[in-house]
Amino acid sequence: MIQGKNKGRRKAYDTLMRSAMLFSTVLTVAIVVFMIGYVLIKGIPNVSWTLLTTERSYLKDTIGILPDILNTVYIVVATLLLVLPLGVGAAVYLTEYAGKSRLVALIEYAAETLSGIPSIIYGLVGMLLFSNTFGTSLLAGALTLVMMNLPTVMRTVQESLKTVPQSYREGAFGLGAGKWRVIRTVVLPGCIDGVVTGCILSVGRILGESAALLFTAGFAHALNGVLTGLFSPGATLTVALYVYAKEEGEFGVAFAIAAILMGLTLLINLSATLAGKYFEKRRRI
Amino acid sequence: MKKSFKRMGCLILCMVFLCGVMAGCAQNEGVATDGSTSMSKVIGALGEAFKSETGITVTYNAMGSGAGIQAVLEGRCDIGLSSRDLKDEEKAKGLEGTVLAYDGIAVVVNPSNPVSDLSVQTIASIFKGEIKNWSEVGGNDAEIVLIGREAGSGTRDGFESITETEDQCDYRQELTSTGDVITTVAGNPAAIGYASLASVKESVKPLNVDGITPSEATIKDGSYLIQRPFVLVTKRDQALGESAQRFFDYVTSKEAATIIASAGVVAAQ
Amino acid sequence: MAPLRFLKRDVKSKRTLERVVHGTFLIMGLITVGCVLLITIYLIVAGLPAIREIGLIDFLFGKEWASTEAEPKFGILPFILTSVYGTAGAIVLGVPVGFFTAVFLSKLAGKRVRAVVDTAVNLLAGIPSVVYGLVGMLVLVPAVRELFGLPDGASLFSAIIVLAIMILPSIIKVSLTALDAVPKDYEDASLALGATPVETYFKVSVPAAKSGIAAAVVLGVGRAIGEAMAVMMVSGNVANMPSLFESVRFLTTAVASEMAYASEGSLQRNALFSIALVLFLFIMLINATLNFFLKRKGERE
């Protein structure tokens, strides 16, 4: 196939590059398989009913992660409740009101900057801003996470709003509808897929977050109701994993939590793919 | 379409409600404690017993002694937990310490290490980096790996002040918790570290110091030298909240002493 | 007369509503800008006093960090260098692997293979950093100790490996997008001129996707320099000047490990905020570079 001068060299180049590509891909896949396999094999035997449904008892010397599961649910719900309206609002402003002004560039630049800031810095600022006002609490953690996830939600909603055909808006305006009415009736229904995707991505990010929560939400393992929960310190699953592994040396529990988190990651990836496919199909119709 | 509008309205209402709640109550009625990672067992057990008696939840945020003292000062928690005595400058800031219990600091090595007894001086020389190899103290020929705690730790403070090695330790790793030290020492045959005796597990071997085995009895009679107090830190001129005061009274009562003892430390009362 | 006035009022109230709605959305839009400003201002206000007290040169180029000693020293050169070396190491190891994987997936792999590897890469991206830390601490650290005959495996080297794995997904994904966007005509032309497929990919497609790949590398740099938890679990955490097999402390872990107990208003705490400020400046610089590459890519298309 290869002809002309330097035949040998070109062939060698070909083989070299091909093997480099194959090697890299195999290495990447091997790392993934090892990580997932190792965590699941070490973790699943430690997942038990008692672990999932009780809280830690020092008197009985048993460990349960129910409080951490609940804390995770609380913080996810609180964060989404705050970040979704804000993200949708910001995206609507950008696509419907702002046009192509310099303000858009500014807001988009700000969003990009926000998504590049490491979580430890969020944790620090969150500690100064929120923990000093509300105490170290899930709420302070949730507010910090709102800052972190705002750009993601804004971007996904913005993308989905761009797919609402301009003609719909023009049609509604032509019928004499005001801008707010057009947004309410034509634009907002079109952003559902963006909201769903944003939700899935945010949940994934919140589940995996630890550095931003250590100093804002703390790492207590107390079992609380929703309201008291929000105002008391609490560890999410990921923070609990860190605490059990690093602070207490309870690796069985740590791996059990890691396996659960891994399962959730799989689930989130799956739902993101499915949601993407579903919305694409619906849009085509 | 109307639905989505309504939903938006709902969300906004929720936000307003949340803001209202935020402004309304800064502290719930639970007891928030914050501090030493060495005290996890004691406070965990006490908190649980307290809850089963009164129904009041005790949250425990294990951030290290320095962090606990800091949190009380800034009002982020009710009671701070410190595994060292308060310093004068901390007392000057209006803090007060109440000794809850005494705990030994075990000097731990890997179970495979043949060394089992060292004097305080030898331990000090090891941590200062003057003795570098286990063979110098009768062990295997291996470089000694010093495992220490972070600078805010009460355990480090206690250990370094008793062995008089303040600011001179040449650590290989500075870890942020009691459990981490134990795990790391358990995983490295040449490591030596220090950790709360109450938290020591079978995965590591506590050394005898000057021929004395660390135990409740030797801590109580003072013959085991490396020990320090567990201190409850409160603000001197500011009364505790109702539930926090109840918890404070409970843990310093005579009944609590058995629970404290079951956690492996010596009650002060 | 009367109905007309009624209509007028209706129009007026409608206009007010429109204005209120517009204002509300504007405020929501500006929240992101507000967040950035808030973070920047807070970090500058909190970070400057210590730098002023210590002196910029002593702070940035001081080789010793001993924040709690009787005569504290606040030099963060060890942290800066560790972060720089750590990131550079992660890039050296991670970028080639990510780059070759991306080329393979974009050009050579069949549909099914690509779907499988894509999923795998997404999973890798979704794994929480503490899980990397956990596996690193239990598998990698002892392995490094055994392999290199060290007294202890928690070192810069272990951190570099963990970071290299952690930046893989971003590098693969961003390069992949860039490589996929290369027009098919370029490749066809090259193939028609007698180049082999492999030559075409590396001498035509890759140069065409240059900016995107550069953006991937810069993104990887940002990820690596900002990671805290995973490296904290494998790097030993002592403020040494960096050396491959010594225990080290990064900018991020310096903040994370001391922040909890540094007392309010003390020089130590302020110095930690100054470290965060330095880290923030690094990140801003990286963001600006990233934007530069993305913009260039946008303009070319």
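**Figure 1. Domains of chain A in the predicted model.** Nine residues of domain 1 of chain A and seven residues of domain 2 of chain A form the contact (heavy atoms within 4.5 Å). Residues are numbered from 1 along each chain as its sequence is written, chains are lettered from A and ligands numbered from 1 in the order in which they are written, and side-chain values use heavy atoms, with hydrogens and water left out.

**Figure 2. The interface of domain 1 and domain 2 of chain A.** Together the domains bury about 650 Å² (accessible area, 1.4 Å probe, that two parts lose on being put together, summed over both). Carbon and sulfur atoms carry 86% of that area. On the side of domain 1 of chain A that touches domain 2 of chain A, six residues are nonpolar, two polar and one charged.

**Figure 3. Surroundings of Glu246(C).** Glu246(C) sits in the loop between α10 (229-234) and α11 (251-259) of chain C (helices are DSSP runs, H or I, of at least four residues, numbered from the N terminus). Not counting residues up to four places away in sequence, Glu246(C) touches Arg172(B), Ala154(C), Ser155(C), Leu156(C) and Asn240(C). Its C-alpha atom is separated by 16 Å from that of Glu64(C), 182 residues apart along the chain.

Key: Predicted model: local features only at pLDDT ≥ 70, side-chain atom pairs only at ≥ 80, totals over all residues. Nonpolar A, V, L, I, M, F, W, Y, C, P; charged D, E, K, R; others polar. Helix = DSSP H or I, 4+ residues; strand = E, 2+ residues; numbered from the N terminus.
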